[in-house]
Amino acid sequence: MPQRYELDEPKAAVEFGDVWTRGEMLRFGDLEGAEYFAFIASKMVSVSLPLGDGETLTDPAQFIARLDDIDARAFYWIMTLPAL
């Protein structure tokens with residue numbers, strides 16, 4: 001079952017798919033930088049993330065391309081989700 005997480009302020013949501021291999025679980029803790037974000041993006045099935053320009057990112061395929069445009073409050077919240 002996919003895991004959906006929501007943030008009240010700023011209004012944001014991320015949903016991760018439920019398919020993780022054993023190998024991914026073992027390597028996940030070692031990922032850093034671009035590899036980490038690419039992996040997180042590969043597991044996203046839906047997003048609703050506020051951007052600094054007032055728009056909302058709704059396409060998970062654009063997560064990496066718009067990474068530096070995400071509202072910092074939502075960005076740091078996203079960083080806590082995989083630990084859940």
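What you have here is a predicted model, where local features need pLDDT of at least 70, side-chain atom pairs count only at pLDDT 80 or more, totals for chains, interfaces and linings use all residues, and side-chain values use heavy atoms, with hydrogens and water left out.

Let's begin with confidence. The pLDDT is the predictor's confidence in each residue, from 0 to 100. The protein chain averages 90, and 95% of the residues score at least 70. Among the elements, β4 has the highest mean pLDDT, 98, while helix α1 (residues 22–28) has the lowest, 86. Helices (H or I, at least four residues) and strands (E, at least two) are DSSP runs, numbered from the N terminus.

Now for the sheet. Four strands form an open sheet in the order β1-β2-β3-β4, with antiparallel pairing; two strands pair if DSSP finds at least two bridges between them. Because β1 (3–7) and β4 (56–57) stand at the edges with a single partner strand each, one side of each is left without a neighbour in the sheet. Further in, β2 and β3 run antiparallel and are joined by four bridges, and A13 stands opposite S48 in β3. Strand β3 (residues 44–50) also pairs with β4, over two bridges. There, P50 stands opposite T56. Five residues lie between the strands of this β3 and β4 hairpin, and G54 takes a positive phi near 90 degrees.

Next, look for the nonpolar core, meaning a set of buried (under 20% relative accessible area, 1.4 Å probe, protein chains only) Ala, Val, Leu, Ile, Met, Phe, Trp, Tyr and Cys residues joined through side-chain atoms within 4.5 Å. The largest one has 24 residues, and those with the most contacts inside it are V14, M44, L49, F63, I70 and W77. Two or more residues come from each of β1, β2, α2, β3 and α3 (72–80), with α2 giving the most, five residues.

Leaving aside its neighbours within four places in sequence, F63 is in contact (heavy atoms within 4.5 Å) with F37, A41, M44, L49, L57, I70 and I78.

Key. Residues numbered from 1 in each chain as written. Buried < 20%, exposed > 50% of the residue type's maximum accessible area, 1.4 Å probe, protein only.
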